[in-house]
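The report below is meant to be read beside the sequence and the coordinates. It moves from the contact between the chains to single residues and their surroundings.

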Amino acid sequence: MQSSTILSVQNVCKTFPTRGGGVEALRDVSFSVARNELCVLLGPSGCGKSTLLNIVAGLHTPTSGTLSLEGRPIHGPARERGMVFQSYTSFPWLTVLENVEYGVKLNGIPKAERRERALHYIGLVHLTKFRDSYPKTLSGGMKQRVAIARTLANAPEILLMDEPYGALDAETRWHMQEMLLDIMRTTQTTILLVTHDIQEAIFLADRIVFLSAHPGRLKTILELDFKKGKEIRSKEDLVELSGYPECEREIMQLMRGEAKQEEDA
Amino acid sequence: MTQALRTLPATRAKDTRPKLRIFEFKSDIPASWRLTLGVAVWILFFAIWQIAAWSGVMPAILLPGPGKVLTALYTLFAENGFLGDVMVSVWRVMFSFALACAVAVPLGILMGAFKSVEAFFSPFVSAWRYLPAPSFIPLLLMWFGAGDAQKLALLFIGVIWFLITLIADHTKAVPKDLINTSVTLGGSRWQVLRTVVVPAALPNIVIAMRQMLAVSWTYLVIAEITAADAGIGAMMMRAKRFLHVDQIMAGILVIGLLGLIFDYLLRALHRRAFQYLDEYS
């Protein structure tokens, strides 16, 4: 397990400076992500999970603690840590193809290879028919697929996703989640995904890193043993699995325990 | 089917036809109405003007009717070489506005993109914005005389400060996530500026230019009325000397029309260049 670690987060603390002395967002968080794993950061609102993801992306700097990818320390954003945001970030002035080519072009890949790579990932997210469309004609789910293809085409070592399906309606969200699992199976990607949706976390995750709130601390790491070795392609597969209800209940109680502490405080 | 899911028989609606009402908050009206109403206001305006001219509330020499003004307009172009004046005015606006844009667009973008640039220029730009440009006319006349340089300078300082501020604000409004997307894809500072910040702000920058071009026309007339030997404003001041109110009004008409034409051209440019936008705003 240790040998396959790709991302390592150690003793990360983050305090945002304010007039009144600062808001502590994260306190001493440590965890790691293994290669080809889908790791989910889960927790109640205010647990700092998005802040933590932004720190991994290099968009925020930790107040203290160290992060490394493949043993190299993380300083600032880089191509190796591509990010998909909750808001729609397809560039409206570029077509789907140009959007997906965008990152590859930034990194100076020659045109022929760029085109080939972009088309491959557009196919992977089922947007081949829309390759020459502008984002204004796409639905929210399609825009997120553009963002995913754009990041994957850039060949990151880890894909960071910040509540990527938070703005989508329930049915679209299922399709997107199922598609993400498909992509995981075919592309050997490592993903670190933030969500507050318990079912989404259980469905997608190989492992769940659960954070508690105010300040964000590591509460527990959940290995989803009941899913091991099972072929799960759809939401229905998941809810029929023995062990699923218990798992969901356990996480709900974790969330509720957090909420209760908040009320007591 | 279970009782709980029993479907209810549809009740007959009384009258489903939507009633067209003239006064309805924020709801759309048919295109034909819009056109009719838009034309109607002008017909009304010319009618009132004509009636006022006929009624004799003012001497005919001070208030000529619309017909007389149109005749004067024709004479101006056909016999008095008015086209030359118009071209001089158009050139002054275009040239000074191009100069203003050449400074304001890069500076505004940099101010909107980088807090450090904003912190340096913003106190300066804001202060100048509150100085009315016409207050510089005496100074400009002494520095540059009554020639073109004085007009261009007035037009330039009349729009530049607002143009910078508007462009900086539009640049600031570029969503942070778009910038971070490029950054996490490996974009350098220069790449982010060139491939995200500029294209994302550009549609609104063109709108800001459209708004400030209208202001530029205002200052043009002020500049030409104070001292000029050519231009639309100069023609109007000549006409005043000879009590040619019809020519003054024809001048106003031409300035209004030119403003409309420029506005329309920039609007068309915006629509063509930014077809990828959701809707024209």
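What follows describes a predicted model, beginning with the contact between its chains and ending with the backbone of a few loop residues.

**The contact between the chains**

The contact draws 24 residues from chain A and 19 residues from chain B. About 1,800 Å² is buried between chain B and chain A, and carbon and sulfur atoms give 66% of that area. On the side of chain B, B:Thr184, B:Leu185 and B:Tyr276 supply 40% of the area that this chain buries against chain A, which is more than any other three residues supply.

**The largest pocket**

The largest pocket has a volume of about 760 Å³. Its lining is made of 30 residues, and the closest to the pocket centre are B:Ala113, B:Lys176, B:Ile179, B:Asn180 and B:Val183. Both chains take part: α1 (49-57) of chain A gives two or more residues to the lining, as do α3 (82-113), α4 (115-129), α6 (148-172), α7 (176-184) and α8 (189-226) of chain B. The element that gives the most is α7(B), with 5 residues. Sorted by class, the lining of the largest pocket holds 13 nonpolar, 10 polar and 7 charged residues.

The buried residues of α10(B) are B:Val245, B:Asp246, B:Gln247, B:Ala250, B:Gly251, B:Val254, B:Ile255, B:Leu258, B:Phe262, B:Leu266 and B:His270. Among the elements that cover these buried residues are α2 (66-79), α3, α8 and α9 (232-241) of chain B. As background to such a list, an α-helix has 3.6 residues a turn, so residues three or four places apart point the same way.

In chain A, helix α5 (residues 170-187) has 18 residues and reaches 26 Å from its first C-alpha to its last, close to the 26 Å expected at 1.5 Å a residue. Its buried residues are A:Met176, A:Gln177, A:Glu178, A:Met179, A:Leu180, A:Leu181, A:Ile183 and A:Met184. Just after α5(A), A:Gln188 takes a positive phi of about 55°.

**Single residues in their surroundings**

B:Ala100 lies in helix α3 of chain B, and this residue counts as buried because its relative accessibility is 0%. Leaving aside residues up to four places away in sequence, B:Ala100 touches B:Phe156, B:Val159, B:Ile160 and B:Leu163.

A:Ser8 belongs to strand β1 (residues 5-16) of chain A. With a relative accessible area of 15%, A:Ser8 is buried, and, again without residues up to four places away in sequence, A:Ser8 touches A:Phe31, A:Ser32, A:Thr66, A:Leu67 and A:Ser68.

A:Lys111 has its place in helix α3 (residues 111-124) of chain A, and the C-alpha atoms of A:Lys111 and A:Glu101, which are 10 residues apart along the chain, are separated by 9.2 Å.

The table sets out the accessibility of residues discussed in this report.

| Residue | Relative accessible area | State |
|---|---|---|
| B:Ala100 | 0% | buried |
| A:Ser8 | 15% | buried |
| A:Asn36 | 35% | partly exposed |
| A:His214 | 52% | exposed |
| A:Lys111 | 54% | exposed |

**Backbone features in the loops of chain A**

A:His214 is found in the loop between β9 and β10 of chain A, where its phi is near 50°, a positive value in a residue other than glycine. The peptide bond from A:His214 to A:Pro215 is cis, with omega near -10°. A:Pro215 is likewise found in the loop between β9 (207-212) and β10 (217-223). A:His214 counts as exposed because its relative accessibility of 52% is over 50%.

A:Asn36 lies in the loop between β2 (23-34) and β3 (38-42) of chain A. Although A:Asn36 is not a glycine, its phi is positive, at about 60°. Its relative accessible area of 35% makes A:Asn36 partly exposed.

Note on methods. Residues numbered from 1 in each chain as written. Chains lettered and ligands numbered in written order. Predicted model: local features only at pLDDT ≥ 70, side-chain atom pairs only at ≥ 80, totals over all residues. Heavy atoms only, no water. Helix = DSSP H or I, 4+ residues; strand = E, 2+ residues; numbered from the N terminus. Expected span 1.5 Å × (residues − 1). Buried < 20%, exposed > 50% of the residue type's maximum accessible area, 1.4 Å probe, protein only. 1 Å grid on protein atoms, 1.4 Å probe; cavity = no way out; pocket = protein on both sides within 12 Å on 5 of 7 lines; lining within 4 Å. Points joined across faces, edges and corners; volume = space filled by probe spheres on them. Nonpolar A, V, L, I, M, F, W, Y, C, P; charged D, E, K, R; others polar. Contact = heavy atoms within 4.5 Å. Buried area = accessible area lost by both parts, 1.4 Å probe.
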